[in-house]
Amino acid sequence: MRLMNVILILTACAVFFSCTSENKQRSVHMQDETLAADIAAVQHARVYFGHQSVGNNILAGISQLYARTPGAPAFTAWHETDVLPESYFAEERIGENTHPDLKCSAFVRALDRFANRPPDVALMKFCYVDFGAGKSAEEIFALYESTIDTLRKKFPRVTFIHVTAPLTSRRTDLKGVIRRLLGRDSFESDNAERSRFNQLLARRFSDEPIFDLARIESTRPDGTREEFSFNGRTCDALVPEYTDDGGHLNETARELAARELLRVLAQTIRHQKEKSSLALLKK
């Protein structure tokens, strides 16, 4: 009798682990198919992305995802020295770090260069060093909102994707320890400003596409969040395991952010095409 029970238990375990393995394989296959479909959507659209160094991290992640997706071409971004093709993914560094106003004006000038073949979707990203550099979250958001209003009048057919501000992790190296001992650690106050900007962005553009980079950066694979309390508010921070220097993204985080950006881009592009099709049917 005992032998029979053992056999039944072992059989049940074998069935369980077999089903679990099959489910995992099915899930990975579905994720791969979704990624391939998103890459295809982006590949046949016109995209403009203005950024700085964290943007380069994300682009490196996109390149990695393209490289390991069967059937996908090598990721190639358009640069101004090339002839502008029908479809493109244009990217460049805009403005100067710690000067959000220069980034906004550079974003406007950049899209002016594409006036003859404007992008389907466009986005710009602030850097974590733009916060705590003399302007409040409210001031930076007002600059951004005004920039989008200006661009919408110039380019009514362009869909703008809004990007939350990237975060930082508390530095644990010697330099970080010294800064804390000297009372010069701005980790909490600067991330609080970034979190405030992100709240303003989410509220103002709640019905528009948002690439929530801050959510990706502050969420671990198990779903737990990297948070802290500052002046009675809960604020987000960069997961320490996602960075090697406290601000830029390592390989793991680059791919997470890149996958989310591709998802948002593809979803926006598909929605844009659906709207165009419906408009043609109504004519």
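Q: Which residue in E2 does Phe-49 stand opposite?
A: Two strands pair if DSSP finds at least two bridges between them. In this predicted model, Phe-49 stands opposite Glu-91 of E2. E1 and E2 run parallel and are joined by six bridges. Strands here are DSSP runs of E with at least two residues, helices are runs of H or I with at least four, and both are numbered from the N terminus.

Q: What can I rely on in such a model?
A: Local features need pLDDT of at least 70 and side-chain atom pairs count only at pLDDT 80 or more, while totals for chains, interfaces and linings use all residues. Residues are numbered from 1 along each chain as its sequence is written, and side-chain values use heavy atoms, leaving out hydrogens and water.

Q: Which residue of E3 is the bridge partner of Gly-50?
A: Met-124 is that partner. E1 and E3 pair in the parallel sense over four bridges.

Q: Are the faces of E1 covered or open?
A: In a regular strand the side chains alternate between the two faces of the sheet. Here both faces are covered: Arg-46, Tyr-48 and Gly-50 lie on one side and Val-47, Phe-49 and His-51 on the other, all buried (under 20% relative accessible area with a 1.4 Å probe, protein chains only; exposed is over 50%, partly exposed in between).

Q: What span should helix H3 have?
A: The expected span is 1.5 Å times one less than the number of residues. The 13 residues of H3 (100-112) should therefore span 18 Å, and the end C-alpha atoms are 19 Å apart, which agrees. Buried residues in H3 include Phe-107 and Leu-111.
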